[in-house]
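Welcome, and thanks for taking a look.

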Amino acid sequence: MKQALHTPPGESRAAQPLWRNRDFVVASSSRFLATAGAGAVIISVMLHLQNLAATGQTAVAGPWLVAAYLFCSALPLALLAPWAGRLADTRDSRTLATASAVVSAAAVAGMGLSLQYVENYLPALFAMTFLLDAAQAVAGPTWQALLPRLVGEDRTPGPWAPCRQPL
């Protein structure tokens, strides 16, 4: 017989710890690695750009080049936030999470290939950074939409979470 029929109404069964939920462990580990990897890529590119300017290999001054790179990195989040939230609300979050991971991986691979094979790689580096952060902008709300499905609706707060203690 189903467990729901054995549990009296109003009484909830003990929730399993989240670390025992395989889907949550896999998804949260993947999300952590993707976020940490994107941050590491951005920091390493900034250091590379600063080194280029310090050795005189580019005409643009180091701080201005790094500032332009940071602006290029932050722009997708500012521009795509409304549409990314709408996408996460209207599309399948598993598909969006997978697609954003694939686009992020392709952008990082494009960065590496452009550094190796393109003579003037700065425009390609900026374009791939924009693409990487656009994928990360979509991944943020997608993860928030996917999380209640992974841990269970009963373990997430409702539309409003009442305070347990008065202020």
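Let's start with Leu125, which is found in helix H5 (helices are DSSP runs of H or I with at least four residues, strands are E runs of at least two, and both are numbered from the N terminus). Leu125 counts as buried because its relative accessibility is 1% (buried is under 20% relative accessible area, exposed is over 50%, and partly exposed lies in between, with a 1.4 Å probe and protein chains only). Leaving aside residues up to four places away in sequence, Leu125 touches Val45, Leu49, Tyr69, Met111, Ser114 and Leu115 (contact means heavy atoms within 4.5 Å).

## About the model

This is a predicted model, in which local features need pLDDT of at least 70 and side-chain atom pairs count only at pLDDT 80 or more, while totals for chains, interfaces and linings use all residues. Residues are numbered from 1 along each chain as its sequence is written, and side-chain values use heavy atoms, with hydrogens and water left out.

## The chain as a whole

The chain has five helices and zero strands, giving the pattern α-α-α-α-α along the sequence. Of its 167 residues, 30% count as buried. Taking contacts between residues at least 6 apart in sequence, 72% join residues at least 24 apart.

The accessible surface amounts to about 11,600 Å², and carbon and sulfur atoms account for 64% of that. These areas come from the Shrake-Rupley method with a 1.4 Å probe; for residues, only the protein chains shown count as cover.

## H5 and its antiparallel partners

How do the helices pack against H5? Helix H2 (residues 22–54) and helix H5 (residues 122–151) pack at an angle of about 160 degrees, with axes 11 Å apart. Axes here are lines fitted to C-alpha atoms, for helices over the stretch in contact, and angles run from 0 to 180 degrees between N-to-C directions. H2 and H5 are therefore roughly antiparallel to each other (angles over 145 degrees count as roughly antiparallel, under 35 as roughly parallel, 65 to 115 as roughly perpendicular and the rest as oblique). H2 passes H5 in a left-handed crossing, where the near helix is turned anticlockwise from the far one by less than a right angle; clockwise would be right-handed. The residues of this contact divide into 18 nonpolar, four polar and three charged. Here Ala, Val, Leu, Ile, Met, Phe, Trp, Tyr, Cys and Pro count as nonpolar, Asp, Glu, Lys and Arg as charged, and the others, Gly among them, as polar.

Helix H4 (residues 93–117) also packs against H5: their axes come within 8 Å and cross at roughly 160 degrees. That makes H4 roughly antiparallel to H5. The crossing of H4 and H5 is left-handed, and their contact has 17 nonpolar, eight polar and two charged residues.

## H3 against H5

H3 and H5 pack at an angle of about 35 degrees, with their axes 7 Å apart, and their crossing is right-handed. Residues of H3 including Leu65, Tyr69, Cys72, Pro76 and Ala88 take part in the contact, as do residues of H5 including Leu125, Phe126, Asp133, Pro141 and Thr142. By class, this contact of H3 with H5 has 18 nonpolar, four polar and one charged residues.

## Residues with more accessible surface

Arg91 sits in the loop between helix H3 (62–90) and H4. Arg91 is exposed because its relative accessible area is 55%. Its C-alpha is 9.2 Å from that of Thr142, 51 residues away in sequence.

Ser30, found in helix H2, counts as partly exposed at 42% relative accessibility; Ser30 and Ala101 are 71 residues apart in sequence and 9.2 Å apart in space, C-alpha to C-alpha. Leu47, also placed in helix H2, is exposed, with a relative accessible area of 58%.
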